[in-house]
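Dear colleague,

I am handing over the structure below, together with a description of what came out of the analysis.

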Amino acid sequence: MAMRYRKERLDRGIKVRCDDVFALSSYREVLYLAMPKVLPVAILLIFPLLKGVVGLYYEKALVITCAISLLALSWDLMASVGLISLGQALFFGAGAYLTGYLNYAFKLSPILTIPLGTIGGALFSTFLLLPVLRLRGVYFAIVTLTLPLLLGRFIDTTKILGGGEGISGLSPLPNLWFELYVAIFAMLVCLFGFRRLINQDYGLVLQGIRDNDRAVMSGAINIYRFKVEAVFIAGLAGSFAGAFMTHYYQFVGIPAFAMDYSIVPLTAAVLGGPGTFAGSVIGAFILVPLSEALRGFGTLRVVFYSAILIICVVGLPEGIFHYMRRKYHQFERRREIG
Amino acid sequence: MIRSVIVYGLVSSAVLALTAMGFSLTFGISGVANFAYGAFYILSGFLVWALLNYLKFPFVLAIVVTIGVVGGLGFVTYWSILLRVRGVVLSEVIATFALGVGILELFRWLGFVTYEFTLPSFIKGMVVIAGVPVDYQRLFIIGIALALVIFLYFFTHYTRIGLAFRGIAQNERTAISLGIKSDLTGALSLALGSAMASVAAIVILPLGIISINTGYEVLLIAVAVGIVGGLESVPGILVASLILGYAQVITGTYLKPEWMAVVYLAAIVLVLSIKPSGLFGKFKELEERV
Amino acid sequence: MEDGSILEVENVTKWFGGVAAIITVSFSLQRGELLGVIGPNGSGKTTLVNLLTGFVKPDSGKVIYQGKDIAGQQPYKVAALGIARTFQMAKPFYQLSAFKNLIIPLYSPRVKKLRGGKYGNRDDVAIDLLEDVGFERDSFVPYKVASSLPHGYLKRLELARCLALRPDLLILDELFSGMSMSEVAGTLPIIEKLNTEGLSIIMVEHRLKELFRIAHRVMVLNFGAKVVDGSPRQVMDSDAVKAAYLGDEDEG
């Protein structure tokens with residue numbers, strides 16, 4: 001007769017001891033706890049110095065990865081409130097165009113245009129989304145899907161802001177190091193900032209709105225205000241990505257509202273594990289380099305993203321981050337049953 | 001000028017209503033926003049084209065097969081993907097959206113991007129109505145749109161499946177307790193919505209070429225009409241189609257056709273700020289459903 | 001507490017399509033009173049709760065709470081005035097642990113104001129509240145994820161969520177439904193105690209025996225209209241109630 005097994009998961013002893021902070025007793029345990037955070041951050045910070053080793057191409061790819069990470073983090077923050085965005089390009093485009101215009105029309109330096117574009121872009125997109133926030137369910141997804149596409153056409157037809165040609169010849173950023181470190185720093189700030197925010201009492205309210213908005217309302221909390229604030233904060237991250245990339249490319253055009261900036265961050269966040277923030281970044285760091293490598297396949301890459309999305313949503317809803325965390329903190333063994 | 005605006009406004013409205021109806025039907029019944037709608041529309045176009053040109057099917061047979069296949073695809077989509085993530089809005093939205101984008105971009109990669117892809121019109125020729133020349137195909141679109149509305153009315157009010165649809169739409173729990181199969185109904189609603197995308201594609205596409213970007217456009221139109229009229233309301237869809245249809249023709253006549261995007265944007269922003277659930281929407285903000 | 005009414009409901013009416021869910025219902029609630037609301041299924045009890053708490057706008061009529069008409073106000077504003085309610089279907093914040101569920105009402109401006117602007121440690125307050133509704137303090141239960149709690153605990157979590165608001169009026173929508181006998185027996189004294197401490201309570205309930213034991217006054221709804229309103233004794237003896245309950249329902 002065939003043996004039957006079941007999988008059993010156990011926390012590693014070190015994890016059990018580390019859960020209470022006072023029990024930290026050796027460097028090994030400190031290392032165990034700090035490693036998952038310190039190691040990736042250290043690698044990221046060293047990466048820009050390795051231009052000679054990895055080459056300019058991958059240095060540049062890192063900047064794009066950071067931008068996509070920011071958009072994915074922004075997506076994840078909204079998803080934590082139960083708002084599903086299908087149009088991260090809205091934030092990206094709003095930030096990008098505002099920054100580009102400020103630089104083109106008023107000759108402001110990037111030091112000013114990027115912060116102004118970030119805040120202005122977030123305000124503009126939040127303002128556009130205000131009415132939808134009163135509704136529940138899929139409305140937010142539907143409207144975010146439409147807005148960036150229509151805004152792109154709007155610019156194309158009205159020929160404002162450079163119309164179809166876009167605005168080129170914008171001020172460059174000082175140098176590659178500056179580009180890399182600003183992008184990495186912004187991403188890390190958002191990653192750790194959002195993770196902290198969501199675990200604070202404020203963040204609990206946001207998660208409560210996702211789980212049961214009525215119960216939050218009957219807790220004397222104005223959920224509308226919280227949704228608006230969450231969208232604004234998420235908008236800041238997304239618009240910063242747009243503002244920054246505008247000066248990085250020294251160009252802004254209708255592609256800023258393109259579907260790519262919506263679907264790639266979405267895929268990254270879903271692949272990495274929604275609600276974890278770290279997952280969004282991991283997802284972006286898998287997808288962007290991969291799609292750089294698959295550049296030759298053209299639009300097949302998008303098909304590939306779609307396939308990942310469907311597979312993840314149906315078969316792997318917890319995402320990579322949870323899987324990695326489980327592997328790190330627990331070991332599995334097979335036990336005979338019955 | 002004014003006469004042609006009136007006649008062509010009606011044509012545009014019929015096109016919009018026809019385009020939006022399937023999306024709204026599925027949403028109204030099962031609460032699933034089928035973001036693969038535009039992809040199913042384009043898929044239908046290419047399928048008819050392929051059946052006609054490769055397999056040399058007769059036109060009518062090609063149409064019937066296509067509507068059947070695409071409707072079946074909607075059913076399979078529900079059964080194989082949506083059923084597993086039912087109730088999780090996040091997953092439903094992402095899954096249908098990804099499916100749609102995947103299908104469209106696959107076509108693009110396969111090279112379906114040239115101008116050779118057109119569908120034949122049903123009847124060639126035109127008539128002059130009130131001094132305005134209109135071809136038969138456009139009249140046909142108005143006819144089909146009307147026929148579909150009437151069909152839907154009778155279907156949902158007088159047939160068993162139709163009544164089940166309405167039951168599920170109004171109160172899923174009660175409907176289940178009365179022996180209506182919620183999953184089957186959901187799958188059928190997606191099948192019917194997809195089949196309607198297919199019908200819309202077959203009658204509308206002969207007016208132009210089949211292009212990938214039309215797929216995104218169609219989704220955009222369906223959604224825009226839904227937002228303006230109210231997503232699950234049939235009268236809402238009709239009124240919104242009339243408003244947007246005439247707005248489209250008026251801007252096309254007196255401004256430039258490209259300004260349509262501006263009109264859509266303005267209509268959406270306006271409706272959202274006045275009545276976010278749409279003109280005829282009963283979308284609930286609060287009420288507790290017990 | 002001192003006399004005077006805390007809530008005056010005047011001729012409230014609500015239609016859903018062609019069906020009247022509530023027809024010209026009027027009643028008042030004295031400070032410190034415990035009013036029971038009973039009626040067969042579909043008699044409009046939950047709609048009444050929704051009308052009082054802003055989740056449904058009445059078509060006509062007034063809901064005067066502490067001298068102010070609150071009919072049709074946003075739910076969060078109603079709650080901020082001190083009306084807390086439970087939901088018939090206990091839907092907690094599933095992904096949060098039990099005590100974290102209470103952080104949300106504790107975070108509200110109302111509680112902030114009542115606590116004199118001092119934040120303090122909300123976690124401690126939350127654990128205390130859970131103990132008040134019968135969660136075992138020194139167990140793992142308060143720290144468990146809400147989705148893993150049994151139904152009886154979820155119902156009491158609902159109660160705790162209301163108490164976190166420090167309400168002046170508590171509305172319980174079928175709190176006991178789905179609770180076991182022992183859970184009901186454990187919860188009943190909690191409600192009684194809250195009431196004797198001066199909290200005004202409206203209790204919509206199907207468990208008549210328990211309700212009649214603690215209610216000061218009972219109101220009966222049938223087909224959206226008020227049938228009887230009187231002391232538990234009067235209501236029990238009333239023919240209209242027997243007709244409403246025995247006529248088309250055998251519940252209770």
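I begin with helix 1 (residues 45-53) of chain C, of whose nine residues nine are buried, so this helix is largely enclosed by the rest of the structure. A residue is called buried here if 20 or more other C-beta atoms lie within 10 Å of its own, exposed if 12 or fewer, and partly exposed in between, with C-beta atoms placed from the backbone. Helices (H or I, at least four residues) and strands (E, at least two) are DSSP runs, numbered from the N terminus. This is a predicted model, in which local features need pLDDT of at least 70 and side-chain atom pairs count only at pLDDT 80 or more, while totals for chains, interfaces and linings use all residues. Residues are numbered from 1 along each chain as its sequence is written, and chains are lettered from A and ligands numbered from 1 in the order in which they are written.

The buried residues of helix 1 of chain C are Lys45(C), Thr46(C), Thr47(C), Leu48(C), Val49(C), Asn50(C), Leu51(C), Leu52(C) and Thr53(C). Just after this helix, Gly54(C) takes a positive phi of about 90°.

One is an open sheet of six strands in chain C, with the order 6-7-8-3-9-10 and mixed pairing, where two strands count as paired if DSSP finds at least two bridges between them. At its edges stand strand 6 (83-85) and strand 10 (225-230) of chain C, each with a single partner strand, so one side of each is left without a neighbour in the sheet. From one strand to the next, the twist averages 15°. Within this sheet, strand 3 (residues 34-38) and strand 8 (residues 200-204) of chain C run parallel and are joined by four bridges, and Gly36(C) has Met203(C) in strand 8 as its bridge partner.

Strand 1 (residues 5-16) and strand 4 (residues 60-65) of chain C pair in the antiparallel sense over five bridges, with Thr13(C) standing opposite Ser60(C) in strand 4.

As for domains, whose bounds come from an automatic or database domain assignment, chain C is divided into domain 1 (5-82 + 167-248) and domain 2 (92-157). Taken over C-alpha atoms, the centres of these two domains of chain C are separated by 25 Å. Their contact takes nine residues from domain 1 and nine residues from domain 2 of chain C, two residues being in contact if their C-beta atoms, placed from the backbone, lie within 7 Å. On the side of domain 1 of chain C that touches domain 2, the largest share, four residues, comes from helix 8 (residues 181-196) of chain C.

Between chains, the contact of chain A with chain B takes 38 residues from chain A and 38 residues from chain B. Helix 6 (139-158), helix 11 (260-272) and helix 13 (300-315) of chain A are the elements that give two or more residues to the chain A side, and helix 6 gives the largest share, 11 residues. The contact of chain A with chain C takes 17 residues from chain A and 23 residues from chain C, and on the chain A side helix 8 (201-211) and helix 9 (213-217) each supply at least two residues.

Finally, chain B has 11 helices and two strands, and buried residues make up 49% of its 290 residues.

With best regards

Notes
Axes fitted to C-alpha atoms, helices over the stretch in contact; angles between N-to-C directions.
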